[in-house]
Amino acid sequence: MVDVLSDVIASMRIGRPGFARSGLRSPWGMRFPPSPGTAGFTVLLRGSCWLLADDRDPAAVGPGDVIFTPRGDGYGLADDPSTPLVEAVHPPPPAEDADVVTLCGGYRLDPDRAHPLLRDIPAVLHLPAQVGRHDGLRTTIDALGRELGQSRPGGAALVPLLLDMLLLYVLRAWFEDQPRRPGGAGWAAALADPPVSAALHAIHRDPAHAWTVQSLAERAGLSRAAFARRFTAATRQPPLAYLTWWRLTTAASMLRDTDDSLEQIAARVGYSSPFAFANAFKRQYSVPPGRFRRTARK
């Protein structure tokens, strides 16, 4: 079956991730300002420091820890909570002979296509390194550290792939850490709830199908009313509202990444004509699909 989490990542990211490796010696304090339209991350490759963010106490950060900001919120890192913060510098200081080595970067997101799953993740997510937990994330961090610590053939191609893996493993780690119970609210609950997940998989696998609440309820194995309540409680959208959103999000990806005609795209996302598709697309994106394509490719 289609992997909804993979679809989420593929639909929201634009281009290749940017990154920089930094070396720091005490005393030091860095402020990462807000960056709307970017999902940011910091991986502590060596040493220890403190995470400083609004509305939370300072948190100790150790080797292998990951800090992820799904919506580009700002935060700070310092050798000590009392150290003043200064804006992160570009280019970053070299990592040789440093007390602390970090990998910082970001993924550009299309704000018009950001999946609602991102709203459920904390503004500043701290994933501590823990033995025996999130092994894929730990392995990816180790591989990134090795690739960035030495110049080896193929590194320029391999590091962006590892950063894509990092994003997937971060989201998977967050998902696996969430309490999941049938009928719960939020996307972790939605993906873990078999009836809701079955409907989501059906929508993602075949967005062009003429889905109705009844036909999705049959896939979920629930009555129409019970399914509609359960789906809406988990995803915070009624089933057909999510179907429309996903169809148009998929269409936006096609407009950006392919040369398919509007007629072809309309058919592939479930619209009977380019005219019907264009009207629906303009309602969601505020511009016609042709103008969206031209702007997206500049």
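**The residues that line the largest pocket divide into 11 nonpolar, 10 polar and 1 charged.** In this classification, Ala, Val, Leu, Ile, Met, Phe, Trp, Tyr, Cys and Pro are nonpolar, Asp, Glu, Lys and Arg are charged, and the others, Gly among them, are polar. The structure shown is a predicted model, in which local features need pLDDT of at least 70 and side-chain atom pairs count only at pLDDT 80 or more, whereas totals for chains, interfaces and linings use all residues. Residues are numbered from 1 along each chain as its sequence is written, and side-chain values use heavy atoms, with hydrogens and water left out.

**The largest pocket has a volume of about 440 Å³.** Rolling a probe the size of a water molecule over the atoms shows where empty space is left. A pocket is an open set of points, on a 1 Å grid over the protein atoms alone, where a 1.4 Å probe fits and protein lies on both sides within 12 Å along at least five of seven lines; lining residues have an atom within 4 Å of a point. Points are joined across faces, edges and corners, and the volume is the space filled by probe spheres set on them. The lining comprises 22 residues, and those nearest the centre of the pocket are Phe 32, Ala 88, His 90, Cys 104 and Gly 105. Two or more lining residues come from each of the elements β1 (13-24), β2 (29-32), β3 (38-46) and β9 (100-109). Strand β3 contributes the most to this lining, with 4 residues. Strands (E, at least two residues) and helices (H or I, at least four) are DSSP runs, numbered from the N terminus.

**Cys 49 and Cys 104 do not form a disulfide, a pair of cysteine sulfur atoms within 2.5 Å.** By this rule the count is 0 disulfides. For Cys 49, the nearest cysteine sulfur is that of Cys 104, at 9.4 Å. Buried means under 20% relative accessible area, exposed means over 50%, and partly exposed lies in between (1.4 Å probe, protein chains only).

**Trp 187 and Tyr 242 form a tilted aromatic pair.** Their ring centres are 5.5 Å apart, with 45° between the planes. Rings of Phe, Tyr and Trp (its six-membered ring) pair if their centres lie within 6.5 Å; planes under 30 degrees apart are stacked, over 60 edge-to-face, and the rest tilted. The pair connects distant parts of the chain, with Trp 187 in helix α5 (residues 187-192) and Tyr 242 in helix α9 (residues 239-257), 55 residues apart. Trp 187 is buried, at 0% relative accessible area, and Tyr 242 is likewise buried, at 0%. Ring pairs join Trp 187, Phe 227, Phe 231, Tyr 242, Trp 245 and Trp 246 into a cluster. The whole structure contains 12 aromatic pairs.

**Helix α3 (residues 135-149) has 15 residues.** From its first C-alpha to its last, helix α3 reaches 21 Å, close to the 21 Å expected at 1.5 Å a residue. The expected span is 1.5 Å times one less than the number of residues. The buried residues of α3 include Leu 137, Arg 138, Thr 140 and Ile 141, together with Ala 143, Leu 144, Glu 147 and Leu 148.

**A cis peptide bond joins Ser 26 and Pro 27, and Asp 55 and Arg 236 have positive phi values.** Most residues other than glycine have a negative phi, and most peptide bonds are trans. The cis bond has an omega of about -5°, and Pro 27 lies in the loop between β1 and β2. Asp 55, in the loop between β4 (49-52) and β5 (59-61), has a phi near 65° and is exposed, at 84% relative accessible area. Arg 236 also has a phi near 65°; this residue lies in the loop between α8 (224-235) and α9 and is partly exposed, at 49%.

**Thr 212 lies in the loop between α6 (194-205) and α7 (213-220), and Gly 270 in the loop between α10 (262-268) and α11 (274-285).** Thr 212 is partly exposed, at 37% relative accessible area. Its C-alpha atom is separated by 47 Å from that of Leu 52, 160 residues apart along the chain. Gly 270 is partly exposed, at 26%. The C-alpha atoms of Gly 270 and Pro 33, 237 residues apart along the chain, are separated by 41 Å.
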